[in-house]
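Subject: Structure handover

Hello,

Here is the structure you are taking over. Please open it first, then read the notes below.

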Amino acid sequence: MQVVTKRYPKNCLLTVMDRYSATVHNMEEVVMFPSLLRDMPPHAHGHQAQAGASSYYNCFTMLKAICVDVDHGLQPREEWQDRMASCEANEAVEMEEGKEVLGQLDLEAQFHLHLSSLHHILTHLTLKAKEVTRIYQEIMGQDK
């Protein structure tokens with residue numbers, strides 16, 4: 001599938017979001033049997049294992065879930081808070097520490113920090129979607 005992106009400046013957040021969405025949609029079209037990825041740890045092909053990513057199947061489902069938010073917007077605040085409430089106490093402590101740091105920055109600095117972080121994360125997730133697609137194609141013998 002050809003990845004088609006809209007015309008925005010190269011480093012525009014909308015460009016990065018479109019690229020991520022298109023890459024994940026391509027991954028979904030290529031990966032017809034996601035269960036084949038279930039027992040493949042990310043470090044099996046010379047890549048470093050990521051915390052929380054126990055298999056390429058988990059990466060696949062995570063990338064799809066994030067893509068829904070990118071394509072359709074965020075879920076209602078109450079649902080998000082319920083999900084966050086189920087997280088470990090350790091993560092809550094880290095969030096509080098992060099809020100203290102952000103509270104000390106001015107709004108413009110906060111904006112640039114979040115924008116650059118989002119840009120970086122979406123770029124990384126796009127590369128991860130391409131990796132999952134490539135690994136699946138290797139499994140199926142469809143090397144390009």
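**How the helices meet**

In α1, Met17, Tyr20, Ser21, Val24, His25, Met27 and Glu28 meet Phe60, Leu63, Lys64, Ile66, Cys67, Val70 and Asp71 of α2. Contact means heavy atoms within 4.5 Å. By class, this contact of α1 with α2 has nine nonpolar, two polar and three charged residues. Ala, Val, Leu, Ile, Met, Phe, Trp, Tyr, Cys and Pro count as nonpolar, Asp, Glu, Lys and Arg as charged, and the others, Gly among them, as polar.

A word on the source. This is a predicted model: local features need pLDDT of at least 70, side-chain atom pairs count only at pLDDT 80 or more, and totals for chains, interfaces and linings use all residues. Residues are numbered from 1 along each chain as its sequence is written, and side-chain values use heavy atoms, with hydrogens and water left out.

Helix α1 covers residues 13-30 and helix α2 residues 56-72. Helices are DSSP runs (H or I, at least four residues), numbered from the N terminus. The axes of α1 and α2 come within 10 Å and cross at roughly 135°. Axes are lines fitted to C-alpha atoms over the stretch in contact, and angles run from 0 to 180 degrees between N-to-C directions. α1 and α2 are therefore oblique to each other. Angles under 35 degrees count as roughly parallel, over 145 as roughly antiparallel, 65 to 115 as roughly perpendicular and the rest as oblique. Their crossing is left-handed (the near helix is turned anticlockwise from the far one by less than a right angle).

**Helix α5**

α2 also packs against helix α5 (residues 107-140), at about 135° with axes 10 Å apart. That makes α2 oblique to α5. The crossing of α2 with α5 is left-handed. Its contact residues include Phe60 and Leu63 of α2 and Leu122 and Leu125 of α5. That contact has twelve nonpolar, no polar and two charged residues.

α1 and α5 pack at about 20°, axes 9 Å apart. That makes α1 roughly parallel to α5. The residues of this contact divide into 14 nonpolar, seven polar and two charged.

Best wishes

Notes. Helices (H or I, at least four residues) and strands (E, at least two) are DSSP runs, numbered from the N terminus.
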